[in-house]
Amino acid sequence: MIRAAILAKRALPYLLSLLCVTLGLCVADPFGAGAPQGQFSSVGPAAIGPYSISSPWQQSRGFLAGLALSLIATTALATYYWRRQRSYRLPLQASERRYRALAERYAALLVALPGQIFRMSADGTYLDCSSSSSPTSVEPGEFLNKNVKQTLPPEVAELSLQAIQRAIETNEPQMIEYELTGEERGGQFEARIMRSGENEVVTIVRDIGRQRAAAEHLRQAQKMEALGQLSGGLAHEFNNLLTVIQANADLIARDLRPELEDLQSEIAQLQRAAQRGATLLRKLMAFSRHQMLSRRIVDLPRLVQKFLTNLRRLLPENIDLEISADKHVAKILADPAAIEQILINLATNARDAMSAGGNLRIEIYNGNLTEEHRAERGWGEPGDYVVLAVSDNGTGIDEGKVGKIFDPFFTTKPPGAGAGLGLPMIYGLVKQHRGYVDVESEVGAGTTVKLYFPAHDALGPVDRVTSTPECATGKQTILLVEDEEAVRKTARRVLERNGYEVLLAADGLEALSILRQRSSEISLVISDVVMPKMSGIDLYEAVKKETIGMPFMFMSGYAAKDVPVESGPDPSVPFLHKPWTVNELLGRIRELLDRSSLG
């Protein structure tokens with residue numbers, strides 16, 4: 001019935017057109033156009049007798065009038081029908097355009113998605129596939145009409161079929177994870193399977209390897225940052241303690257009579273222990289990126305070449321040392337002492353990994369990190385770098401331990417063979433240089449450590465003088481600003497025993513008040529950096545404004561970012577790092593006072 005109605009609706013315009021033409025012909029005939037010759041016309045204006053008296057003109061006019069009527073009726077009907085169809089066709093065409101644009105947008109969206117969508121049957125046959133921009137994706141027709149048993153390893157195919165059956169039976173989404181090997185499509189994948197019909201499912205396959213690598217890198221960075229903050233705070237406190245221990249040990253050693261040899265030996269052990277503690281703290285501060293750096297423009301190949309003699313002393317004769325560098329390696333902004341410290345630790349680790357001998361190779365070359373590298377590996381600011389790669393063919397590191405080698409006190413060496421601070425120190429120093437560390441290792445094949453230092457073309461700051469003059473006495477007045485009471489009293493005893501008059505202040509505000517009252521008497525201000533109420537940097541700014549030319553020196557066990565080494569009020573302000581010895585403190589003071597008297 002419905003089909004008959006549709007056919008009638010389609011045929012109606014043609015029937016009406018035929019009716020109009022017939023009507024026109026009928027109208028034309030009464031004017032004599034259609035009557036047989038020699039017979040009467042049924043109607044007409046001149047139908048008299050057995051013959052028609054209409055003229056040829058009258059006959060033609062009647063025919064044309066009928067024909068015109070039929071054409072007018074047909075044209076009107078066709079116009080009406082065309083307009084009616086057009087009123088339906090235009091919205092339909094607009095709808096088709098919208099659908100086509102929507103389909104194109106969805107197709108582009110599917111390509112941009114970080115996964116690929118498959119339509120599959122209950123038995124695991126691929127029925128359809130979307131395009132994808134992922135490097136591990138397949139072409140849309142590559143798997144068409146194939147089964148998962150043909151495209152996936154047996155264990156993964158079985159896992160997929162079980163998930164498909166569960167999705168169809170329970171009507172609930174299923175998720176599986178699997179790993180594929182191979183150069184083109186290897187990696188870790190996640191498949192989400194959802195029922196889309198009676199015997200069909202839609203599977204969204206996503207490469208999660210890069211995402212997990214980025215998440216792991218972020219987790220590692222956060223862990224290292226937290227450990228760095230903890231170790232930096234602890235290092236500051238221990239620096240204060242070691243300052244008190246070392247300075248008092250020096251004072252006792254000076255007061256001992258020569259005949260007390262046993263006591264002198266014990267004091268010497270105390271001093272050596274304090275020095276070892278200071279060395280350990282420097283490593284902790286390097287790891288936490290709190291070690292002071294004196295950076296300048298460095299030609300890395302030249303620096304490494306000059307340091308080779310020291311490196312060879314660390315290595316036994318059964319280990320060969322090789323170095324290679326590109327001809328035109330870019331300069332870097334670095335602390336040469338920190339680079340040497342890094343090389344010593346890397347060479348030491350390589351030596352311990354090659355107890356039976358081997359080859360240690362150092363390579364220096366220009367490198368570049370891109371956005372693609374960062375997307376794939378999860379680290380690396382895009383730009384130009386100088387790469388320092390140190391490789392050995394030793395025992396290598398197990399894959400499960402590679403992620404822990406930068407943790408403080410973690411070591412793969414036997415007990416007593418290492419403190420586990422060498423690689424953390426390297427990590428911290430490289431990060432202070434705004435660089436990156438990449439480790440590649442395989443058990444039995446060796447380890448390669450790549451250090452990425454940002455290339456630098458501009459002139460860098462001049463290194464400040466760090467030599468320690470011989471200790472000397474004096475009679476000037478020194479304002480000592482230190483919030484730690486034990487350090488403040490110890491420093492006062494050291495200075496007063498060597499002829500100086502000392503004014504003490506526990507914070508910057510108290511020091512500023514004393515300075516305003518007795519500025520004419522004070523020859524030097526020595527201040528800690530981080531203090532309550534007013535920091536050492538703020539105190540320096542105030543002193544510089546109120547007393548022109550007043551000598552000033554910082555001393556601190558805090559982070560490099562808290563002292564004006566390369567940034568801050570004045571990079572030329574001398575700095576004494578805690579823990580200091582008596583000779584270091586007195587020598588630096590004498591140097592500043594002598595320089596002030598000459599200037």
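Ser-556 has His-577 in β19 as its bridge partner. The model is predicted: local features need pLDDT of at least 70 and side-chain atom pairs count only at pLDDT 80 or more, whereas totals for chains, interfaces and linings use all residues. Residues are numbered from 1 along each chain as its sequence is written, and side-chain values use heavy atoms, with hydrogens and water left out.

Strand β18 (residues 552-556) runs parallel to β19, and three bridges join the two. Two strands count as paired if DSSP finds at least two bridges between them; helices (H or I, at least four residues) and strands (E, at least two) are DSSP runs numbered from the N terminus.

Both strands belong to an open, five-stranded sheet with parallel pairing, in the order β16-β15-β17-β18-β19. Because β16 (501-505) and β19 (575-577) each have a single partner strand, one side of each of these edge strands is left without a neighbour in the sheet. From one strand to the next, the twist averages 25 degrees; axes are lines fitted to C-alpha atoms, for helices over the stretch in contact, and angles run from 0 to 180 degrees between N-to-C directions.

| Helix | Strands | Angle |
|---|---|---|
| α13 (residues 508-518) | touches β15, β16 and β17 | about 135 degrees with β16 |
| α14 (residues 536-546) | lies across β15, β17 and β18 | about 175 degrees to β18 |

Elsewhere, β5 (residues 174-180) and β6 (residues 187-195) pair in the antiparallel sense over seven bridges, with Met-175 opposite Arg-192 in β6. β6 also forms a hairpin with β7, four residues lying between them.

Methods
Contact means heavy atoms within 4.5 Å.
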